[in-house]
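Have it on screen while you read.

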Amino acid sequence: MKMWKEFGNNELYLLLMVAAAYFVYFLLIRRPDRLAKQVRVLSLLWGIAVGILYDFTIGGGRTDFYKVNDLNNYEVTDILYYILFAPFGYFFFYLYEKLNIGKKTFIMYVLVWAFFGVYFQWVLTAADIITLQKGYKLMHSFPIFLLTQTLTGVYIQVLKSKESLTAAE
């Protein structure tokens, strides 16, 4: 693992995005209507696990549809890229609970997040944090985000059926 090829704008943008995402995350967990601690930890791990899963499946190996930062090999700032997924896992869980997503609103919620995922990937591409390659296009990510958000929503429903997701005061 290399430190980085050159510390440029993409690494700086990544640092700013991570700082902004965790700032919002820490504001949300201070609210009285925050998620329960075990759900919070689960949502963070879910976000990181999903990001790493896709990076190791479509972002590396034989497919190698995109590279993160400057190199096709791993560099230290790639870790920042992975930890950026954690607060978004929390945001998905938090908003799911706060917006009281149910059967009637589930499809809309998942669609909005899938479009947001593609938009955020576009931002990452515009900031040169990820570079699409081998003919991969942003629109190819939409069904991946749709599947991921649907599975995440189903997972939350399973959790909700077992216990309350919000923290007790």
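1. Let's begin with rings: those of Phe, Tyr and Trp (its six-membered ring) pair if their centres lie within 6.5 Å, and planes under 30 degrees apart count as stacked, over 60 as edge-to-face and the rest as tilted. By that rule, the structure holds 22 aromatic pairs. One of them, W46 with Y155, is stacked, at 4.6 Å centre to centre and 10 degrees between the planes. This pair links distant parts of the chain, since W46 is in helix α2 and Y155 in helix α6, 109 residues apart. Helices here are DSSP runs of H or I with at least four residues, strands are runs of E with at least two, and both are numbered from the N terminus.

2. Before going on, a word on the source: this is a predicted model, where local features need pLDDT of at least 70 and side-chain atom pairs count only at pLDDT 80 or more, while totals for chains, interfaces and linings use all residues. Residues are numbered from 1 along each chain as its sequence is written, and side-chain values use heavy atoms, with hydrogens and water left out.

3. Now find Y96, in helix α4. Is Y96 buried or exposed? Y96 counts as buried because its relative accessibility is 1% (buried means under 20% relative accessible area, exposed over 50%, partly exposed in between, with a 1.4 Å probe and protein chains only). W46, at 25%, counts as partly exposed.

4. What does Y96 touch, leaving out residues up to four places away in sequence? The list is I101, F106, Y109, G153, I156, Q157 and K160, where contact means heavy atoms within 4.5 Å. Y96 also belongs to one aromatic cluster with F88, F91, F92, F106, Y109, W113, F116 and F120.

5. The largest nonpolar core has 40 residues, and Y81, L84, Y90 and L124 have the most contacts inside it. Such a core is a set of buried Ala, Val, Leu, Ile, Met, Phe, Trp, Tyr and Cys residues joined through side-chain atoms within 4.5 Å. Helix α4 gives the most to this core, with 8 residues. Y90 touches residues including Y25, L28, R34 and L44, not counting those up to four places away in sequence.
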